[in-house]
Amino acid sequence: MSKILKRVSAILLSMAMVSSIFVGCNSNSSSSTSSSEVSGEKTKLTLWHIQTGKAIDIIHDSAERFMEENPQYEVEIVDMTNDSYKQKLSLAMSSNQTPDVYVQWGGANLATYVSAGQCADITEFMEKDNYKDQFIDAGIQQCTYNGRIYAVPVENVSVAGFFYNKEVFEKYGLEEPKTISDLEIICEKLKSEGIAPFALANSTKWTGSMYFMYLATRYGGLTPFEDAVSGSGSFENEAFEYAGNKIQEWVNSGYFNEGFNGMDDDSGQARQLLYKGEAAMDLMGSWFSGTVIGENPDFIDKLGFFPFPELESSTADQKLCIGTIGDNLYSISESCKDKEGAFKLIQSLLDDKALKEREDYGKIIPLKSFEAKDELTQKILDTVNEATGVQLWYDQSLPAEVAEIHKSTSQEIFGLTITPEEANKELQNAMDSYRNSNNK
């Protein structure tokens, strides 16, 4: 077993109940097959994903069409939840039970999976018939490591920005802000009218992390984070200090709804505030529009979008955005016995019917041929097209244990229980510990 793979295993085996969770995911998984016994004449392919709602049906239906057209295959689809997915996948890898097809997000995780021999090089498949040229270039870049392609950008262009209640903005004569100063003026007006400027449900931590990431990126661009991860810099950097200080300034100013650190985003607690007009804005990934379509379709016409405003005093590139181009990225296990078949299965997720269904569900498909059919989607797409670069979500870029420290310290910053300096020092210590343990 490689040193990296041993590291993955050691981390996960220290987590309580992980092994029982993994057993449960096998016993409770939903499958597109009619029988648990595989015919000796068929090749079985397993696919793990973390989509929700209508997107689950899209994946299962695609697999059904794939099997109808390719009867020599039997496909098992395993539906999983986002919060525990990475741990389950890493445990599967350390147990030599990696699914044939699985999702990941690039960054540090892709590098780890490749180095551990758990991710197949699919460059040959992607270059055949110029298939990779159909995708947005930034999406292919996120699937690439050391010049080779290891994933297909399938699900969605996911970038973070502010979704807002247009009726609230219209009622109080507010316009989409261009700068952070403009945004703060809007927040003061909304607060004076008894409306929470920002809807936030931060018990899951990653929601608040979006504010931290954007503020740090607006202050210093991509370099501070890249340097902190590579070791040429540190998280004890003025960009991260600015982000933490600005968040605490906004918390103290009353810009967030009450009780935000104890509220759950998955159950829609923040969205409900937006729907009711009790809050005006929600900083969220662009999957938000699809969630609204599935959850409260009557509200979609009231939903507006604007990119995270610019920081006037900064010399950093203000056209950068936070997110992923092709969330989720679908990879093939190195241990898969039929990689070509697995690749065809991934392609079925982007067949004509699946593309139409994804578009109807509010997805922004990471293909160059994609065209927005409504104003909201076009504004999100404009943000992507105008972006000069993309900062991958910190919790996907960082090693798993360091990512958890980032999310926890970010939540503590919002809770005013830790200073930005203390948070950054704790995050840097976690990064140093991870780096030292992997250099042994």
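A nonpolar core is taken here as a set of buried Ala, Val, Leu, Ile, Met, Phe, Trp, Tyr and Cys residues joined through side-chain atoms within 4.5 Å, where buried means under 20% relative accessible area (1.4 Å probe, protein chains only). The model is predicted, with local features requiring pLDDT of at least 70 and side-chain atom pairs counted only at pLDDT 80 or more, whereas totals for chains, interfaces and linings use all residues. Residues are numbered from 1 along each chain as its sequence is written, and side-chain values use heavy atoms, without hydrogens or water.

The largest nonpolar core comprises 128 residues, and the members touching the most others are F198, Y211, W250, F256 and M281. Another core, of seven residues, lies apart from it and includes A199, A201, M263 and A270.

A55 belongs to helix α3, which spans residues 54-69; helices (H or I, at least four residues) and strands (E, at least two) are DSSP runs, numbered from the N terminus. A55 is classed as buried because its relative accessibility is 3%. Beyond its neighbours within four places in sequence, A55 is in contact with Y361 and K363, contact meaning heavy atoms within 4.5 Å. The C-alpha atoms of A55 and A354 are 9.6 Å apart, although 299 residues separate the two in sequence.

Pockets were located on a 1 Å grid over the protein atoms alone, as open sets of points with protein on both sides within 12 Å along at least five of seven lines; lining residues have an atom within 4 Å of a point. Grid points are joined across faces, edges and corners, and a volume is the space filled by probe spheres set on the points.

The largest pocket holds about 1200 Å³ of space. Its lining consists of 43 residues, with I50, N82, W206, D266 and W287 nearest the centre. Elements that each supply at least two lining residues include α4 (82-94), β6 (152-165), α10 (206-220) and β10 (321-332), while α14 gives the most, with five. The lining has 14 nonpolar, 16 polar and 13 charged residues; Ala, Val, Leu, Ile, Met, Phe, Trp, Tyr, Cys and Pro count as nonpolar, Asp, Glu, Lys and Arg as charged, and the others, Gly among them, as polar.

The second largest pocket holds about 550 Å³. It is lined by 18 residues, of which G107, Q142, V390, L392 and S397 are the closest to its centre. Helix α5 gives the most to this lining, with four residues; among the elements supplying at least two each are also α7 (137-142) and α11 (223-230). By class, the lining of the second largest pocket has ten nonpolar, seven polar and one charged residues.

Conventions
Buried means under 20% relative accessible area, exposed over 50%, partly exposed in between (1.4 Å probe, protein chains only). On a 1 Å grid over the protein atoms alone, a cavity is a set of points where a 1.4 Å probe fits but cannot get out, and a pocket is an open set with protein on both sides within 12 Å along at least five of seven lines; lining residues have an atom within 4 Å of a point.
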